Amino acid sequence: MRLPFQFKKIRTRLAVWFVVIATVPLLIGTFITYQQRVNTIKVNKYEKLTAIRDLKVSQLNNWLDERTGDIKTIAGDQEIINYTMAVIHQDKVYEEQQLTIISQELLRRYVDNYNSYHELFIINAETGHIILSNNPASIGVDKSKNSYFTGPLQTNELFIKEIYRSESNAGQPEMTFSIPIICTTHQPNVVGVLVARIDLQNSLYKLLLDRTGLGQTGETLIVNKNLIALNDLRHYDDAPLNLHITAEPAVNAAAGMAGIIEINDYRDEPVLAAYTHIPRTGWGFVAKQDQQEIYAPISVMLVDLSILMLISILGIYGISFFLARITSQPILEMVNVSSKIGAGDFSARNAITTIDETATLARSINEFARSIETQIFVTGGLGDISKLFITSKKLKELGNKLIQQLTDLSQSQLGAIYLFNKESGLFEPFESIGFQADKLVSFDASSLEGEFGRALSTREIVHLTDIPADTSFLFKTVMGSAIPKEIINIP
């Protein structure tokens with residue numbers, strides 16, 4: 001099968017495939033690890049923000065419970081009821097000025113003890129005018145049209161007026177709790193309405209400004225049913241009662257839903273927002289944090305994984321090219337040797353350093369080259385010998401040149417030619433190299449013994465090797481007698 005891309009060098013091909021084979025699983029594994037870690041981080045962040053939302057809502061409900069408990073306690077205080085009745089009926093037991101001072105001190109004491117309030121005052125249930133207050137300037141003010149007066153009278157229960165702009169506090173956000181004051185002396189009847197003006201900065205807003213666990217960008221916010229922000233925000237100055245929020249979390253929370261979502265907030269910044277509804281006040285509550293901050297660990301992890309990936313790929317690249325080099329080296333050497341053989345250098349051989357298939361191939365190439373070299377050598381030798389027969393003019397000259405040529409071709413140190421004498425029936429020494437001529441003896445042609453026997457009987461070349469040390473074949477040298485290693489007999 002032809003690949004869509006080709007490589008000119010086997011080393012490059014091997015290196016590329018090594019890199020691909022090693023890198024692809026690494027990339028897949030890294031991607032899976034990244035996805036798993038991202039999912040884990042997101043789940044943890046979702047759970048954390050949801051827990052913060054639920055904790056804050058619980059704190060808000062506790063705050064509402066405390067305010068409700070406070071105003072119920074004050075409204076049920078018998079002293080409060082007595083002074084209210086005394087003012088309404090103009091009790092002669094007290095002088096008017098004395099009664100006013102006593103009631104003011106009593107209400108002031110409550111304000112001092114409960115630091116969540118600006119002012120406590122009591123409205124006459126019949127006239128709608130303030131008759132008692134810790135703030136003397138408020139006495140006599142008509143509140144008959146205000147919902148915190150009419151609401152308790154209609155329901156005969158605690159009434160919470162949602163956050164609004166205060167007329168008496170320079171238009172600052174304000175919230176009131178009010179409750180009927182019931183006289184039980186003869187038969188239960190509402191004689192007045194106790195109103196508590198909440199100090200939002202030192203109570204509710206302080207609670208919402210506690211952004212523990214929300215980092216540098218997180219915040220909590222409440223909106224009314226009209227989606228108007230009711231508290232101070234980190235990213236928007238003068239937000240209470242001025243900022244209209246149309247982001248989905250606020251809309252869902254005001255509509256009574258709860259959940260968590262990734263979306264853009266009122267700044268059009270991507271955030272993770274957990275939201276829910278507070279039924280008693282009709283508020284929508286949202287706890288949110290910028291995604292850039294909340295998912296910062298993912299960015300750090302991505303950088304770490306990228307660095308690890310780069311180091312791993314560089315390591316794989318280096319190892320792959322090293323493996324490609326040592327794997328392709330025998331092949332390249334065989335290619336080099338084959339090129340030399342093709343160019344006519346039949347002495348070129350592969351160095352066999354392995355025991356795998358490449359060693360077998362290298363050995364085959366070596367044998368092939370050796371075979372060709374031998375054939376050329378033999379062919380050349382035969383040609384030279386044939387030339388001797390043509391050019392030699394005398395038999396003695398032919399014998400001398402022939403024995404020299406044969407010893408050269410066989411790389412022998414000793415050599416001798418025997419000629420058959422028909423008259424005597426003996427093979428007689430004719431020409432030799434390295435032997436003492438008087439030591440060469442004739443031998444019977446009919447005898448098939450000794451080193452010549454097999455050559456005479458088979459009429460083929462006999463090559464004797466691995467001659468034992470106790471052989472009878474010896475020859476003289478300047479260093480003494482020597483044992484031949486090989487003997488070639490050519491009939």
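Predicted model: local features only at pLDDT ≥ 70, side-chain atom pairs only at ≥ 80, totals over all residues.
Residues are numbered from 1 along each chain as its sequence is written. Local features need pLDDT of at least 70, side-chain atom pairs count only at pLDDT 80 or more, and totals for chains, interfaces and linings use all residues, while side-chain values use heavy atoms, without hydrogens and water.

**Exercise 1.** Classify the ring pair of F121 and Y148.

Solution. Step 1: rings of Phe, Tyr and Trp (its six-membered ring) pair if their centres lie within 6.5 Å; planes under 30 degrees apart are stacked, over 60 edge-to-face, and the rest tilted. By this rule there are three aromatic pairs. Step 2: the centres of F121 and Y148 are 6.0 Å apart and the planes stand at 65°, so the pair is edge-to-face. Step 3: both residues are buried (under 20% relative accessible area; exposed is over 50%, partly exposed in between; 1.4 Å probe, protein chains only).

**Exercise 2.** Classify the ring pair of F420 and F427, and state how accessible F420 and F427 are.

Solution. Step 1: the ring centres of F420 and F427 lie 5.2 Å apart with planes at 50°, so this pair is tilted. Step 2: F420, at 44% relative accessibility, counts as partly exposed. Step 3: F427, at 17%, counts as buried.

**Exercise 3.** Identify the residues with the most contacts inside the largest nonpolar core.

Solution. Step 1: a nonpolar core is a set of buried Ala, Val, Leu, Ile, Met, Phe, Trp, Tyr and Cys residues joined through side-chain atoms within 4.5 Å. Step 2: the largest such core has 54 residues, and I163, M175, L204 and I222 have the most contacts inside it. Step 3: a second, separate core of 17 residues includes L227, A250, A254 and A273.
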